[in-house]
Amino acid sequence: MKLKQRVVVLVAVLLLLGLAKLFLLDGGEGSAASRRDLRAFRKMEAGLSLSRGARLTHTLQSPWEVYPEETPELAAVLTALGTARVERADVGYKGTQLKALLVLDGGQKVVFKPKRYSRDYMVEGEPYAGYDRHNAEVAAFHLDRILGFRRAPLVVGRFVNLRTEIKPVATDQLLSTFLMQGNNSCFYGKCYYCRESEPACAEGENMEGSLTLWLPDVWPLQKHRHPWGRTYREGKLARWEYDESYCDAVKKMPPYDAGPRLLDVIDTAIFDYLIGNADRHHYESFQDDGGASMLILLDNAKSFGNAALDERSILASLYQCCMVRMSTWNRLNLLRAGALSSAMRQALTFDPINPVLAEPHLAALDRRLSGVIATIRQCVESQGPDNTLIEDRLNLPHS
């Protein structure tokens, strides 16, 4: 074959490869991985509408579980969380925010976060009294379902009667924090910021809140400092805030030098950007085995605050490392053009405290998703698709 013919063939092959990459970047179905991700997306869509009042039709080893990819029992487990009898109530575990620890019928522990008015939650520039941290936990759990990460514990909204459900089974320590404000029953619990002057109050005796599944004790968790955490010290920046080559240093440190953990952190950055959570200073994983265990998305209460604010620095790990899972990229593309907010509306209709999110928060999800996709496209343009879009595999070297 003559040189000119070889050049023509080579150009044609490169053109076809380029078109294939463009097809993938536009959310096409050109590869087996993309087709698999599309099938998973369709299954997620089909499972969004959960049946209210669902009951388990067979006996599980434990009906309280972190949900796998396909869980027909999910609606039944969430229903049980929202309706099971409270056997015991105590002050919450250590932390900064008010919560109570409940034990449900069958022995399952859950964390109850009561509704509290906060000026942190803004809609159209004004404090929004109909929304609070308990809404954030519910919404974050369903977003985790929609994104296909499945790393957030199960959460459901619930109304509890403080007089008939909580006080009869409460410990003395919790009971000592109860008080009345007018005709409303209140409690202030025990935590770093808990004050008798700032209790959570029911409407009469009925209190709205959220229940978060307490993971089984047989699955011990390990806490890690987030490599892109903030300093929380005025005038002092974290290294990632001024060093554009910071990701190169992270890639040399265990457990980010190999395995899935760095990609987990980048997935988490996308998740946090969508919900507006700039407070992920630590994260948890299951008992560590060299960085192979999954990152768990616990404590998403400081989310969906100001619907008008898009804090791009939350995406620092994404735009500094310029890499993301191919499956994450495919899922994001399938959620474009309003599909994300539509899926959230559908998923949240199941919850007892629906409407969970105000419309500006749902619109913010679509807007922020466009920002994530634009950021990944910029990485593709500068680093190339092969270096940016990473196939989902465990033993991934990052150096």
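Reply: Helices α11 and α12 are oblique to each other, because their axes cross at roughly 140 degrees; angles under 35 degrees count as roughly parallel, over 145 as roughly antiparallel, 65 to 115 as roughly perpendicular, and the rest as oblique. Helix α11 covers residues 339-348 and helix α12 residues 359-383, and their axes come within 8 Å. An axis here is a line fitted to C-alpha atoms over the stretch in contact, and angles run from 0 to 180 degrees between N-to-C directions. Helices are DSSP runs (H or I, at least four residues), numbered from the N terminus.

The model is predicted: local features need pLDDT of at least 70, side-chain atom pairs count only at pLDDT 80 or more, and totals for chains, interfaces and linings use all residues. Residues are numbered from 1 along each chain as its sequence is written, and side-chain values use heavy atoms, with hydrogens and water left out.

The crossing of α11 past α12 is right-handed, meaning that the near helix is turned clockwise from the far one by less than a right angle. On the α11 side, Leu340, Ser341, Met344 and Arg345 make the contact, that is, heavy atoms within 4.5 Å. From α12 come Glu359, Leu362, Leu365, Asp366 and Leu369. Sorted by class, the contact has five nonpolar, one polar and three charged residues. In this sorting, Ala, Val, Leu, Ile, Met, Phe, Trp, Tyr, Cys and Pro count as nonpolar, Asp, Glu, Lys and Arg as charged, and the others, Gly among them, as polar.

Technical notes. Helices (H or I, at least four residues) and strands (E, at least two) are DSSP runs, numbered from the N terminus.
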